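This briefing concerns a single protein model and is arranged by topic. Please consult the sequence and the coordinates alongside the points below.

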Amino acid sequence: MRRTKGEGPSLAGDSPSGVNELPGRLDRYSKAKSQAVHTASYFQTVKDGKHEDDVHRRLYVCGCYLVFKHYLEQGSVRLASANFCKVHLLCPFCAIRRGAKALQAYSQRYAAIQSAVGSEGHLTPFMVTLTVKDGPDLLERFNKLHRSFQDLNKQRHGKGSGHSTWTNAKGGVASFEVKRGEGSGLWHPHLHAIVLCHPDKPMDAYRLSAEWLKITGDSFIVDIRPIKEKEGEGVIGGFMEVFKYAVKFSSMNSIDVVDCWRLLQGQRMLSSFGLFYGVQVPEGLADEQLSGEYMEMLYRYHYSEQSYQRYPSRSEGVILKNDPRDLRLSRKDLRLSRKDLRKDLRLSRKSVEKCSPGVAHGVALTAT
Ligand SMILES: [Zn+2]
C-alpha cells in the first residue's frame, strides 16, 4: 500500500514563539504543504464537478505564501496571513492550524474553569478514548460513533442518570478521528476526549466499558488516563493529543484521504458538553496579533524544492509599525509574490498534467 512517508506534521509547538523556533515551524509547514500537494495531484485525476474543482484549486495553492510578523519588543514571531484553503480534512497545513486554534481556545476555557472553582475544588483532567468496532463502511461507522457518544452524554441527565459513571464528568470535549485499523485495514473511527472530574469522584473504567458496550452493542474498548501537568507547560502536552488533526494523514494514502473528505465533509469533528460547552474556536487560522513595532517576513513555497524560502521583500530590514501605509507597502510585495507564484503554479500544473490516467490507476491498484 502506498503511504506518505514519515511521521507527518505535528501540532507540537505550533504556537507563537521566538525567531529561533521559526525554522522548525517552517519545516513542519513544508512537510504539511508537500503532503497537501501530493493529495492535490491525486485529486486532480478524480475530481468531479464544480465544487470539487474549486476545492482542488484551493488545496493546491493553500499556504503557497506565508506572512509572519516579528514583534521586536515581545520577541514573538506570529503567522499574520496565508492563503488557507480551510479544508482541514484534506489539508494537513490547515489541520495543524485548526488544531492549534482549538487547543488555544479550550486551554483558555480550562484555565477559566480551574480559576473559577478555586484550588479546593480543582478538577482533574482525564483523557478518555472511545472506539467502535472497525468496519468497511466509513460513514456508517462514523455515524455509529457519533450517535453512541450522544447516547452516552444523555446518561448525564434525567431519570437514572446517577447510575452512570459518565455523570462524574463535569465537562468534556471530544475530537473525532479517522484512520485505518492497524490489524484489520478496515475503517477505525474513534474519539479522544478531555473530561474533567472531581478528584474524589473519578471515572470508573470498568463501569464505563460496560456502559459503552451496552450503548454500542459491539465495542467495550475504552481507555482512561489522567492528564498530568508538566513543569513549564501545564496540561498542554496532554491536550495536544486530543486536538491533533481528525485525519491521520501520515498513515493514509491519498485515495483514503479524498474518500474521507468526500464522506465526512460538513460533519462536526468536535463535540463538547458541561463546563466545556460553548467554546468558540475562531474561524481564522492565523495567529493572534500583538501591537507594537514589528518586522514583516514573507515566505514562499517552492513547489520544485518542496520547501519555504524567504522572499526578498521591499520591506526587508525595515522596521514597520502598525500603520496602514506600511501595510500598503507590504501588499505591493504580496502582489509581486503572487505574480511569481502564478508562474510557479503554471509550471507545476504542467508537471501534474503530464501524469497519465494510467499513473493515477497505478496508485489505486497498489492501494488495494
Ligand atoms: Zn489548507
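Where is the place of Lys86? Lys86 sits in the loop between strand S2 (76-82) and H3. The model is predicted, and its protein chain contains nine helices and nine strands. Of the 368 residues of the protein chain, 35% count as buried.

**Backbone at positive phi**

- Most residues other than glycine have a negative phi.
- Lys86, a residue other than glycine, has a positive phi near 65°.
- Lys86 counts as partly exposed because it has 15 C-beta neighbours inside 10 Å, a number between the limits of 12 or fewer for exposed and 20 or more for buried.
- Gln306 is likewise a residue other than glycine with a positive phi, in this case near 55°.
- The loop that holds Gln306 runs between strand S8 (294-302) and strand S9 (307-310).
- With 14 other C-beta atoms within 10 Å, Gln306 is partly exposed.
- Gly266, which follows H7, also has a positive phi, near 90°.

**Nonpolar core**

- In soluble globular proteins, nonpolar side chains tend to be buried together.
- The largest nonpolar core comprises 82 residues, and those with the most contacts inside it are Leu59, Leu66, Cys91 and Val247.
- Helix H3 (residues 92-117) supplies the largest share of this core, nine residues.
- Domain 1 (1-84 + 286-368) and domain 2 (118-284) each contribute at least three residues to this core.
- Leaving aside residues up to four places away in sequence, Leu59 touches Ala36, Thr39, Ala40, Phe43, Cys85, Val87, Leu90 and Cys91.

**Packing of H1 and H7**

- Two packed helices are described by the angle between their axes and the distance between the axes.
- Helix H1 (residues 22-46) packs with helix H7 (residues 254-264) at an angle of about 70°, and their axes are 9 Å apart.
- H1 is therefore roughly perpendicular to H7, since angles of 65 to 115 degrees fall in that class.
- On the H1 side the contact is made by His38, Thr39, Tyr42, Phe43 and Val46, and on the H7 side by Ser254, Ile255, Val257 and Val258.
- Six residues of the contact of H1 with H7 are nonpolar, three are polar and none is charged.
- The buried residues of H7 are Ser254, Ile255, Asp256, Val257, Val258, Cys260 and Trp261.

**Contacts along the chain**

- Among contacts in the protein chain between residues at least 6 apart in sequence, 72% join residues at least 24 apart.

Key. Residues numbered from 1 in each chain as written. Predicted model: local features only at pLDDT ≥ 70, side-chain atom pairs only at ≥ 80, totals over all residues. Core = buried A, V, L, I, M, F, W, Y, C linked by C-beta atoms within 7 Å. Helix = DSSP H or I, 4+ residues; strand = E, 2+ residues; numbered from the N terminus. Domains from an automatic or database assignment. Contact = placed C-beta atoms within 7 Å. Axes fitted to C-alpha atoms, helices over the stretch in contact; angles between N-to-C directions. Parallel < 35°, antiparallel > 145°, perpendicular 65-115°, else oblique. Nonpolar A, V, L, I, M, F, W, Y, C, P; charged D, E, K, R; others polar.
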